[in-house]
Amino acid sequence: MAIDLNRFIATFFDEAHEHLETIEERAMALGSGKSDKEVLDAIFRAAHSIKGGSGTFGFTQLTEATHEMETLFDALRKGKGKADQSTVRLLLDACDVFKSHLARLKEGQKGNDPGMDALRAQLIGYRAGNATAPAAAIPAPAKDAAKAAKPKATEENFFSAEATIMQPAPAAKSEGTAFGFFEDLPASPAAAETTIAKPATEKYGFFDPTAAAPSDQNRRKGDSSSIRVSVEKIDRIVNLVGELVIAQAMMQQAVGANEQDEHLSHSLSTLDRNTRDLQQAVMSIRMMPMEFVFSRFPRVVYDVSTRLNKKVHLRTQGQETELDKELIELLIDPLTHVVRNAIDHGIEPPAERLAAGKPEVGTLMMRATHRGGSVIIEVSDDGRGLDRERILAKARELGMPSSDDMTDQQVWGVIFEAGFSTAKEVTNLSGRGVGMDGVRRNITSLGGGVSVSSGKGEGTTITIQLPLTLAVLEGMIVGVGDEQYIVPLEFVAEAIMPGANEIKTIVNQASLVAVRGEHLPIINLSEVVQLPPHKPKAPHETQLCLVVEVDNRRAALLVDQLIGQQQLVVKSLDANLHSVPGVAGATILGDGRVALILDVSAITRTTSSRNLRSAA
């Protein structure tokens, strides 16, 4: 019986990317001087698995190149030579070429890939001891098509105290020309069955259990305790459960007045509890640990620090913190900008660090924690810190609103403005003033906020706050005029009712309210949404304010009424209509009305900028 291999090809691509992630991870261990047998065995097994799968589907170039990598590391693990930094560079460049080649294969491009030919020649030359610099011989691959999907070690140190020297190793004994799942391609179905059943001393099998890493640390997805399900199916379930929650809330409100029917009330209460449990169970399917984000950055730190001739020690903490899969995918790009900026602008060159009395190797810390209904991600470095005077001078040069009276938090916020950069020259890493602006824009679009704290000579910390998921929101329902709006609860610090004597008005600036000795600007929500208040209040009447905090900014949001707190299903405006400034999305309330979810970060930022222009 003939075997249809097409149904396995998607699994092969997924597992090939996972094996490449293993190779990159283990390459980082080699870079820190940990060239023990376990590390070499893991790289050998990953290359062996890719070779077996690619041979099954007839991807000849991939099979031949991974065979050369496998042969190289088979020799290294047998003590024929030692791995050093050039080996690390070769492995990382090889992974880039492999990922580019896999992307071509996914698109159906079956033609010859010159990058793979160059890589194979490079591996052969390196193994023979005649290699030049690895990076120069391999053509630059296309944009990395792989996504982070593999937990990695919690700490990477890319500079060992003792350098090891690569010893030329003799060419390994040829293993023949059969690299695939089959020793020879069968001419008939009967031959295929015979070939599969025949035992082999060396297994090139796509499903070879020894090809997968045996330890818990290297356990991959797809084992007997898990299944692969497309994201589209999970998203559909999440959407259907969201609609169920909305329908349940409508039913609850519709029959809420009929409290005399005890059986009906009990049934609705049970339905509400089970619906919430179902929603939480479904949402947990989409949750992924932050390991899947942090695992990308050892490679990023290695590449950037090598390019800048800096020494950087990456540490991570809170890898078990979970976040929605959609957020994890969208978080990688802004975090990459932040990490690259920290190495480029923050951490000093070794000589400068030694002159300042610091260790030669800089430290970059990535930390994730839960705080209420949010995830807090911090990226800290022990570099030179932000220069207040230099930032203000550059802001004036660019014509941006600035003042010597600005607080440190306001000054640090300038680095997020479009076009702002203190770099003296434009490089492929920085200087165009688009990186940090893009970070804030991307994080804000996810319903989060970003803030900065820094000490001159002590380092800088970028803090990103994100909701746990984009599908469900804990919100405070407020009334303005005849409309209702949602303020995300994660940004609400408290609700206050200040007296008339606690509100001060400054000419040409926003009114201020005193909250325990701190004067906060008042944002009148009726003016923001351009609606008349429900009932104009006399100056002596008590006002109702929500104290909100986002991006290290605090403000008092003036509303007409406070209706209540509720868990809501978020509907995107971008997907259904278009983006609206100051609005993060929409939801359907229990009475069937549509309520807009306010973008607190955008509203407070606009008010802060307007106040700065008025004061200038």
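Visitor: Where is Q530 found?

Guide: Look in the loop between α17 (525-528) and β15 (544-550). Keep in mind that this is a predicted model.

Visitor: What is the phi of Q530?

Guide: Here's the general idea to start from: most residues other than glycine have a negative phi. Q530 isn't a glycine, yet its phi is positive, near 60 degrees.

Visitor: Is Q530 buried or exposed?

Guide: A residue counts as exposed when its relative accessible area is over 50%. Q530 has 70%, so it is exposed.

Visitor: What about N309, what is its phi?

Guide: N309 has a positive phi too, of about 55 degrees, and again this is not a glycine. You'll find N309 in the loop between α11 (297-307) and β3 (312-317).

Visitor: And why does N309 count as exposed?

Guide: Because its relative accessibility is 62%, and the cut-off for exposed is over 50%.

Visitor: Which loop holds S295, and is that residue buried or exposed?

Guide: S295 sits in the loop between α10 (291-294) and α11. For burial, the limit is under 20% relative accessible area. S295 has 1%, so it is buried.

Visitor: Let's turn to strands. What is the order of the strands in the open sheet of five?

Guide: Read it as β17-β9-β10-β19-β18, with mixed pairing. At the edges are β17 (561-569) and β18 (583-588), each of which pairs on one side only. On average, neighbouring strands of this sheet are turned by 35 degrees against each other, ignoring direction.

Visitor: How many bridges join β18 to β19?

Guide: Five, and the two strands run antiparallel, with β19 covering residues 594-598. For one of the pairs, find G585: its bridge partner in β19 is I597.

Visitor: Now the whole protein. How many helices and strands are there?

Guide: You can count 19 helices and 19 strands. The protein has 616 residues, and buried ones make up 47% of them.

Visitor: What is the accessible surface of the protein?

Guide: About 30300 Å², with 52% of that belonging to carbon and sulfur atoms.

Visitor: And what share of the contacts joins residues at least 24 apart?

Guide: Take the contacts between residues at least 6 apart in sequence: 71% of these join residues at least 24 apart.

Methods. Residues numbered from 1 in each chain as written. Predicted model: local features only at pLDDT ≥ 70, side-chain atom pairs only at ≥ 80, totals over all residues. Heavy atoms only, no water. Pairing = 2+ DSSP bridges. Helix = DSSP H or I, 4+ residues; strand = E, 2+ residues; numbered from the N terminus. Axes fitted to C-alpha atoms, helices over the stretch in contact; angles between N-to-C directions. Buried < 20%, exposed > 50% of the residue type's maximum accessible area, 1.4 Å probe, protein only. Contact = heavy atoms within 4.5 Å. Areas by Shrake-Rupley, 256 points an atom, 1.4 Å probe, with all protein chains shown as cover.
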